[in-house]
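Colleague: I am new to this one. Please show it to me, and then I will ask how the terms are applied.

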Amino acid sequence: MTDSYEELVLGDLDGDGKSEVVLLKINREEFSAKAQVFKHSDKSMKLLDEIPTEYVNGYIKTFIGQVTQDKIGLLLDSGVGAHSGLTELLLLENGKLKKVSFGEEDDNLAFKPYMTCSEDIDGDGILEISTLRPVAGYEDASMAGTVWVTVWYKWDGASDLVQVEEGYANYEDGYYFRFPAKWGQEITIDRQEYGAKDRWTNFGYIDGTTKRPLFTINTFSREQWDKMKKVSEDNIVQYAEVAKGLTRVYVVHWEDSQGDLKTGKMQLDLEEIKTGLKLIEN
């Protein structure tokens, strides 16, 4: 078999125990794209079916895996326009490709302002689709100045996406923080400018028109953290080490709630922060 393609994906898409070959093709002259699925039969590769897909800049991540407990799908995480992203889900049923719709244009939950990739975020063996939303207080900010929360969805097996969790991905500092269920849409985040030497991210919430802080995650190099501890133990009484990576140490500092009842309910203890923090260092 000889063919050209943008991406090739290999896997058992129909669950029969044998792998299929999926070729993803982009025609930049006609502004079109399609997926073709091939199966080996009678000593040759034969085209089973093909289906149009969204015209995109390119495919960032493509893979075959469980998309529900009993369905296997092909997820296409693609770049769209200058910086946006889109996730498409394809199924192979009775030898025919089928595209699952998650809404049209602005109502499509699988469209995202910046590219995010799908993965099994909760470790249950089923792939989730991700998108972004601005945190409270940034609704009118520029795209570049907005702090984004990653929202994770599971496909319900029909036509809807069901939210399973939210979290904040800080790629410069190398961690992802999963939000607890008790947090809502009023959570806000302030962070140090990219490239700054002192690295911190403050988590808080919007109470009416007031911004109330909860805690701050500081990121230090191992050398910085060792020096801080040696200068004076008194200087780190309010700090606690949360995680340690290959080159960085993650330390939490709790803000003074000043006896505010709601802040007390929203606040997290050390174990809750440790549970929510996942290192994504390269």
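**Terms and values**

Modeller: Val 67, Leu 75, Leu 89, Leu 127, Ile 129, Tyr 153, Lys 154, Trp 155 and Leu 161 line the largest cavity. This is a predicted model, in which local features need pLDDT of at least 70, side-chain atom pairs count only at pLDDT 80 or more, and totals for chains, interfaces and linings use all residues. Residues are numbered from 1 along each chain as its sequence is written, and side-chain values use heavy atoms, leaving out hydrogens and water.

Colleague: What makes a set of points a cavity, and what makes a residue part of the lining?

Modeller: On a 1 Å grid over the protein atoms alone, a cavity is a set of points where a 1.4 Å probe fits but cannot get out, and lining residues have an atom within 4 Å of a point. One cavity of 30 Å³ or more is counted, and the largest has a volume of about 40 Å³, the volume being the space filled by probe spheres set on the points.

Colleague: Why is Asp 42 called exposed?

Modeller: Exposed means over 50% relative accessible area (1.4 Å probe, protein chains only). Asp 42 has 64%, so Asp 42 is exposed. Asp 42 lies in the loop between β3 (32–41) and β4 (44–53); strands are DSSP runs of E with at least two residues, numbered from the N terminus.

Colleague: Why does Asn 94 count as exposed?

Modeller: Asn 94 counts as exposed because its relative accessibility is 83%. Asn 94 has a positive phi of about 55° although it is not a glycine. Most residues other than glycine have a negative phi.

Key
1 Å grid on protein atoms, 1.4 Å probe; cavity = no way out; pocket = protein on both sides within 12 Å on 5 of 7 lines; lining within 4 Å. Helix = DSSP H or I, 4+ residues; strand = E, 2+ residues; numbered from the N terminus. Buried < 20%, exposed > 50% of the residue type's maximum accessible area, 1.4 Å probe, protein only.
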